[in-house]
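Thanks for coming. Please have a look at it first.

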Amino acid sequence: MMRIITGTARGVRLDTLEGDATRPTSERAKEAVFSMLQFDLVGKRILDLFSGSGQMALEALSRGSASAVMVDQSKDAIRIITKNAEKTRLSDKCTIVCADFKDYLSRRRGRDKFDYIFLDPPYAMHAIPAAVEGIVRGQLLADTGLLICESGEPDPLGHATGTALSKKFDVVREAKYGVAYVTVYEPARADGQESGEADA
């Protein structure tokens, strides 16, 4: 059973979809992500693009983020996200959208900027590059923002092979938790030097 780790909704248990339709982020991976972000969440604007149960955005809101947009293409997932937002008493800070990620990103182009964007698509979709392309085109990430990606393989933006997309972002951190790789990116600095570290 998933729960909110800390903050105003600490200890609230979250519902998840039954079966294999979604794959919630593990407690270990979630704790690692928020351990890194914990001192820089207050007032932040969150986009949770493959929201599933909504747990990542709700954790951020519980810790003081200002608002969150939670997007999923599954109507069943949207029902669960809505229920969890109500259970945590954070629904007033949530915008919940049922949409394909590409459609959502194209509609929001040039409108919103988010401080943190969570990307955790089903591993088989290999959708992180396409999602990041849409985020870049739409100028949806703040200049000081972070992309927090969970994938089934390392280096989802292709830094090892020098893809065009990888040149737009520096790796802040990459670590493996079970079968999941969590990679955090920031917009590339002008000097072209990466600021990141990698954990085995």
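**The cores**

The largest nonpolar core has 31 residues, and those with the most contacts inside it are Val33, Leu37, Leu58, Phe118 and Ile148. A nonpolar core here is a set of buried Ala, Val, Leu, Ile, Met, Phe, Trp, Tyr and Cys residues joined through side-chain atoms within 4.5 Å. Buried means under 20% relative accessible area, exposed means over 50%, and partly exposed is in between, with a 1.4 Å probe and protein chains only. Elements that give two or more residues to this core include helix 1 (27–37), helix 2, strand 4 (67–72) and strand 6 (114–119). Helices (H or I, at least four residues) and strands (E, at least two) are DSSP runs, numbered from the N terminus. Helix 2 gives the largest share of this core, five residues.

Leaving aside neighbours within four places in sequence, Val33 is in contact with Met56, Phe118, Ile148 and Val182; contact means heavy atoms within 4.5 Å. There is also a second, separate core of 27 residues, which includes Phe50, Val71, Phe101 and Leu105.

A note on the source: this is a predicted model, in which local features need pLDDT of at least 70 and side-chain atom pairs count only at pLDDT 80 or more, while totals for chains, interfaces and linings use all residues. Residues are numbered from 1 along each chain as its sequence is written, and side-chain values use heavy atoms, with hydrogens and water left out.

**Helix 2 and what follows**

How many residues of helix 2 are buried? Eight of the eight, residues 55–62, so helix 2 is largely enclosed by the rest of the structure. Among them are Met56, Leu58 and Leu61, but also Gln55, Glu59 and Ser62.

Arg63 sits in the loop between helix 2 and strand 4. Is Arg63 buried or exposed? Arg63 is buried, at a relative accessible area of 16%. Its side chain makes a polar contact of 2.8 Å with the side chain of Glu59. A polar contact is a pair of N or O atoms within 3.5 Å; within protein, one must be able to donate a hydrogen and the other to accept it, and residues adjacent in sequence count only if both atoms are side-chain atoms. Not counting residues up to four places away in sequence, Arg63 touches Ile5, Thr6, Phe34, Gln38, Leu41 and Val42. Helix 2 is also followed by Gly64, with a positive phi near 115 degrees.

**Strands 3 and 4**

Five of the six residues of strand 4 are buried, so strand 4 too is largely enclosed by the rest of the structure. Strand 3 and strand 4 pair in the parallel sense over four bridges; pairing requires that DSSP finds at least two bridges between the strands. The bridge partner of Leu47 in strand 4 is Val69.

**Aromatic pairs**

The structure holds three aromatic pairs. Rings of Phe, Tyr and Trp (its six-membered ring) pair if their centres lie within 6.5 Å; planes under 30 degrees apart count as stacked, over 60 as edge-to-face and the rest as tilted. Phe50 and Phe101 form a tilted pair, 5.0 Å centre to centre with 50 degrees between the planes. Both Phe50 and Phe101 are buried. The ring centres of Phe169 and Tyr185 are 6.4 Å apart and their planes are at 65 degrees, so this pair is edge-to-face.

**Confidence**

The mean pLDDT of the chain is 89, and 91% of its residues reach 70 or more; pLDDT is the predictor's confidence in each residue, from 0 to 100.
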